[in-house]
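Student: Can you walk me through this one? I have the picture open and some quick questions.

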Amino acid sequence: MAGRGRASRWVVALLLAGLAGLVGCGGPTGADGASADVRRVLDRRSAAVREGSEAAYVATAAPGSVDAGERSAARTGFRNLREVPLTDWSYRMTGFHRSGDRATADAELRYRIDGYDRAPVVTARTLALARTGGRWYVTGDRPAEGSGRQLWEQGAVTAVRGGHSLVLGVGRPVGALRALAELADRAVPAVSGAWGGGWAQRVVVLAPGSLEDMAGLLGAPASGYRGIAAVTTGEAGGRATAPADRIIVNPEAYGELGSFGRQVVITHETTHVATRSSTSAATPLWLSEGYADWVGYRGTGRTARQVAPELARAVAAGRVPSELPADGDFAFGGDTGALARAYESGWLACRFVAERWGEERLGDFYRAVGAHGRRAGAVEAGLREVLGTTPREFTDLWRAYARDRLG
């Protein structure tokens with residue numbers, strides 16, 4: 001089952017606002033030039049990454065007399081990045097805290113992957129520094145509290161390029177990464193065939209080595225993603241300058257799927273990438289998840305009972321849902337049967353719209369709901385303006401459709 005939701009469930013990419021000014025301990029900020037010196041160290045470190053200079057990067061790390069292992073760690077970290085096609089890398093310092101010859105810098109790391117990110121990915125970092133011989137050096141560079149790790153912090157990254165995709169993996173066989181790229185390359189045109197071509201039509205897939213590593217990238221407990229084959233991160237609301245989404249694969253749950261299931265999952269997640277600009281706080285999960293599943297199964301020839309077995313069992317037993325699922329019905333960690341029925345109900349609703357009003361009208365309905373801006377009244381307006389119906393009539397028709405297809 002693919003996982004995705006708004007805020008905690010979409011795993012929305014963290015774009016932190018900078019702090020107003022720098023915070024100094026033990027005196028006015030920058031009184032002895034320390035904050036400016038540290039900014040220059042971070043600028044040198046950034047330039048070293050952009051220019052591909054391992055020596056210059058390692059030179060910003062503390063020498064052995066200060067920290068015996070930091071330069072070795074810096075060298076390893078730099079090499080882990082080697083295959084990532086970066087086109088930008090910079091730190092913006094947002095806070096500075098000094099105590100004698102030790103300091104901590106709060107910073108935003110901004111980077112872009114060449115050919116995929118229209119604007120920088122922004123993630124919060126905390127850097128530890130020490131001064132020796134009149135110069136400042138980095139003694140640690142880690143995610144800020146509440147931020148996820150970066151893939152290259154988990155090991156050396158292997159990159160595989162597809163026609164419409166870039167797959168970045170750590171601790172995964174090259175063959176598995178190529179297989180992911182092939183699935184993504186099939187998913188992109190399939191999604192465009194349903195949604196249209198008004199999106200980037202390329203995806204970045206991250207393939208960490210374990211469930212725990214996947215959770216580390218998301219800055220969340222692993223227990224929340226057990227059994228979820230993949231998630232998509234991204235910024236809702238559709239800024240033209242938003243960075244590309246990332247599809248993150250859980251190797252454990254994904255590995256249990258057959259070839260058909262894997263294709264459905266990657267196509268589902270690719271749909272979230274394509275529809276991100278039209279998805280907002282107004283979009284209910286039954287629509288966003290249902291539409292992604294509808295695209296995932298579109299053209300596969302699978303029957304309603306094959307796609308929605310849990311819902312079919314409920315309908316056959318006379319338990320036809322009285323309403324479309326609420327957002328809370330998509331919560332993970334509870335009744336897996338109820339969660340499956342929520343996804344299946346959303347899929348069936350989108351399939352119903354596509355069959356009764358047409359696939360193009362289904363896409364129009366999705367866009368209209370997202371454009372409403374706020375949840376209250378969004379679905380009602382979309383139903384009225386695009387489908388010419390009301391929530392009550394639509395629900396009744398959907399329930400009858402469920403009985404007909406699943407009963």
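Student: Which residue is the bridge partner of Leu 206 in strand 9?
Tutor: Ile 248 is the bridge partner of Leu 206. Keep in mind that this is a predicted model.

Student: In which sense do strand 7 and strand 9 pair?
Tutor: Strand 7 (residues 203-207) and strand 9 (residues 246-249) run in the parallel sense, over three bridges.

Student: Which helix packs on the sheet and touches strand 5?
Tutor: Helix 4, residues 174-195, does. Helix 4 also touches strand 6, strand 7 and strand 9. Its direction makes about 150° with that of strand 6.

Student: And what does helix 5 touch?
Tutor: Helix 5 (residues 211-218) packs on the sheet against strand 7, strand 8 and strand 9. Its direction makes about 155° with that of strand 9.

Student: Back up. What is the strand order in the sheet?
Tutor: The order is 5-6-7-9-8. Five strands form this open sheet, with mixed pairing.

Student: Which strands stand at the edges?
Tutor: Strand 5 (158-161) and strand 8 (230-233). Each has a single partner strand, so one side of each has no neighbour in the sheet.

Student: How much does the sheet twist from one strand to the next?
Tutor: The twist averages 20°.

Student: New topic. How do helix 10 and helix 11 cross?
Tutor: Their axes cross at roughly 95° and come within 7 Å. That makes helix 10 roughly perpendicular to helix 11.

Student: Which residues of helix 10 make the contact?
Tutor: Pro 309, Glu 310, Leu 311 and Ala 314. On helix 11, the contact residues include Gly 337, Arg 341 and Leu 348.

Student: What classes are in that contact?
Tutor: Five nonpolar, two polar and three charged residues.

Notes. Residues numbered from 1 in each chain as written. Predicted model: local features only at pLDDT ≥ 70, side-chain atom pairs only at ≥ 80, totals over all residues. Heavy atoms only, no water. Pairing = 2+ DSSP bridges. Helix = DSSP H or I, 4+ residues; strand = E, 2+ residues; numbered from the N terminus. Axes fitted to C-alpha atoms, helices over the stretch in contact; angles between N-to-C directions. Contact = heavy atoms within 4.5 Å. Parallel < 35°, antiparallel > 145°, perpendicular 65-115°, else oblique. Nonpolar A, V, L, I, M, F, W, Y, C, P; charged D, E, K, R; others polar.
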